[in-house]
Amino acid sequence: MFTGIIESSGIVKQVISNGSNRSFWISSPLSDEFVIDQSISHNGVCLTVEETRNGEHRVTAVKETLEKTNLSNLRENSIINLERCLTANSRVDGHFVQGHVDTVGTCIKRKEEKGSVDLEFTYPGKFAALVIEKGSVCVNGISLTSFAVKKKSFKVTIIPYTLEHSNIKEVQKGSTVNLEFDLIGKYIVRYLSLK
């Protein structure tokens, strides 16, 4: 479980294909602190640390993860958002994030504002019930607030700190991002569908 508050960015140093899987060696200020079998959010995707060495760590994404997320777009020197899992005594500054990406969204508009950036994303309409005005949405692992919500799109505003400390600064029109919708909303929709 995560909060969507990015701790650090990492740089992809090596991408290794192994059958339908892909492993990534990532360099980051946190990598030396990671331990084998630890769950870490990578662009909002929960992956298991398999190996560490000299300020780098290795994780593997399986076929299903590559098909449902933007991790398949990662190349050497790609920037990736990192967050360690929530501890029982931590404050939840964002919202509860599982690291189980629901879908990939596409940026359709980037607008520079005075001191911030507005981004608009489209997503498959089947998820429309999970996106609400002023609700929580996780974009590339970042807890953000959605607004201007439509059936297949929503907007978010990115503050300067988040722009500086995550890979959201690289998102332009046409970029794909990982989306995870609010856990509570998913349970409500599921409950109502069974009535």
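**Aromatic pairs**

Author: The count comes to 4 aromatic pairs. Keep in mind that this is a predicted model.

Reader: How is a pair of aromatic rings described?
Author: A pair of aromatic rings is described by two things, the distance of the centres and the angle of the planes. Now the case here. Phe 121 and Phe 154 have ring centres 5.8 Å apart and planes at 45 degrees, so this pair is tilted. Planes under 30 degrees apart would count as stacked, and those over 60 as edge-to-face.

Reader: Which parts of the chain does the pair of Phe 121 and Phe 154 link?
Author: Distant ones. Phe 121 is in strand 9 (residues 116-122), and Phe 154 is in strand 12 (residues 153-158). The two are 33 residues apart.

Reader: Is Phe 121 buried or exposed?
Author: Buried means under 20% relative accessible area. Phe 121 has 0%, so it is buried. Phe 154 is also at 0% relative accessibility and therefore counts as buried.

Reader: How do the rings of Tyr 123 and Phe 154 lie?
Author: Their centres are 5.8 Å apart and their planes at 45 degrees, so the pair is tilted. This pair, too, links distant parts of the chain. Tyr 123 is in the loop between strand 9 and strand 10 (136-139), while Phe 154 is in strand 12. They are 31 residues apart. Both Tyr 123 and Phe 154 are buried.

Reader: Which residues form the aromatic cluster?
Author: Phe 121, Tyr 123, Phe 127, Phe 154 and Phe 181 form one cluster.

Reader: What sits over the ring of Trp 25?
Author: The charged end of Arg 53 does, 3.6 Å from the ring centre. The cut-off for that distance is 6 Å.

Reader: Take Leu 192. Where is its place, and why does it count as exposed?
Author: Leu 192 is in helix 3 (residues 183-193). Exposed means over 50% relative accessible area. Leu 192 is at 54%, so it counts as exposed.

Key:
Residues are numbered from 1 along each chain as its sequence is written. This is a predicted model: local features need pLDDT of at least 70, side-chain atom pairs count only at pLDDT 80 or more; totals for chains, interfaces and linings use all residues. Side-chain values use heavy atoms; hydrogens and water are left out. Helices (H or I, at least four residues) and strands (E, at least two) are DSSP runs, numbered from the N terminus. Buried means under 20% relative accessible area, exposed over 50%, partly exposed in between (1.4 Å probe, protein chains only). Rings of Phe, Tyr and Trp (its six-membered ring) pair if their centres lie within 6.5 Å; planes under 30 degrees apart count as stacked, over 60 as edge-to-face and the rest as tilted. A charge sits over a ring if NZ of Lys or CZ of Arg is within 6 Å of the ring centre and within 35 degrees of the ring normal.
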